[in-house]
Amino acid sequence: MVYGVILAGGIGSRMGGDKPKQYLNVKGKPIIVYTIEKFFSTPEFEKIIVLCPKQWVEHTKNLIEKHIAPAAGKVAVIQGGDTRNETIMNAIKFIEDEGNLGDDTIIVTHDSVRPFVTHRIIEENIAAAKEFGACDTVIPATDTIVEALDNKTISNIPDRSKMYQGQTPQSFNAKKLKDMYNALTDDEKAILTDAAKIFVMKGEKVALVQGEDFNMKITFPYDLRVAKSLLEEETDD
């Protein structure tokens, strides 16, 4: 089985305002709704799990009922965890509680504030996760990457042709991810930036899926202006 997992746990502090960025309106709909719609129209998903802060669960359910009415049985909204990876573990527990956590269960995890993900990216994530057990969506780095271990002076300038910028989705064999996460020490969990790093830390292969420049994460006010422009182009098309 394949599950979509939309991560909506952010509070949007860098955007400003009184609500998390995923609930900001762009051309009449909250950002999170555009993202859910992309997943909802992907037939491979058994169910889509949306994880958000406890105080936003009912609001999110209401948004889905308003904007994606037929989604009632296919979309579940539950509370996220304190960290990104704990939120993903909550999704896996939901799948397990439904009796569907098997050796071949795949989860496609995605930021709620990346509404421009394409069906091609989602489908290639599903295929790569089935084949390799884990994959990450990336685009080639276009700028020179500079490493500064002391945050003051350059310690290394790696070969840009081997560097990539991470996006989402990140997709995994759910049972394998759960087992590996539970085997981590507290110190290992403390240095995690995302779930793909769990596989890398344990020497497991993580396949690359080609992303898109426009598969942007809406984080700052400038991003919101770009998103509005992109949606206007989609409307014109």
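Two strands pair if DSSP finds at least two bridges between them; strands (E, at least two residues) and helices (H or I, at least four) are DSSP runs numbered from the N terminus. This is a predicted model, in which local features need pLDDT of at least 70, side-chain atom pairs count only at pLDDT 80 or more, and totals for chains, interfaces and linings use all residues. Residues are numbered from 1 along each chain as its sequence is written, and side-chain values use heavy atoms, leaving out hydrogens and water.

**The sheet**
- Seven strands form an open sheet in the order E5-E4-E1-E6-E8-E7-E9, with mixed pairing.
- Strand E5 (75–79) and strand E9 (207–210) stand at the edges with a single partner strand each, so one side of each has no neighbour in the sheet.
- On average, neighbouring strands are turned by 30° against each other, direction ignored.

**Strands E1 and E4**
- Strand E1 (residues 2–7) pairs with strand E4 (residues 47–52) in the parallel sense, over five bridges.
- Val 5 has Ile 49 as its bridge partner in E4.

**Helices on the sheet**
- Helix H2 (residues 57–67) packs on the sheet and touches E4 and E5 (contact means heavy atoms within 4.5 Å).
- The direction of H2 makes about 165° with that of E5; axes are lines fitted to C-alpha atoms, for helices over the stretch in contact, and angles run from 0 to 180 degrees between N-to-C directions.
- Helix H3 (residues 84–97) also packs on the sheet, touching E1, E4, E5, strand E6 (106–111) and E8.

**Val 146**
- Val 146 lies in the loop between strand E7 (134–140) and strand E8 (164–173).
- Val 146 is partly exposed because its relative accessible area is 44% (buried is under 20%, exposed over 50%, partly exposed in between; 1.4 Å probe, protein chains only).
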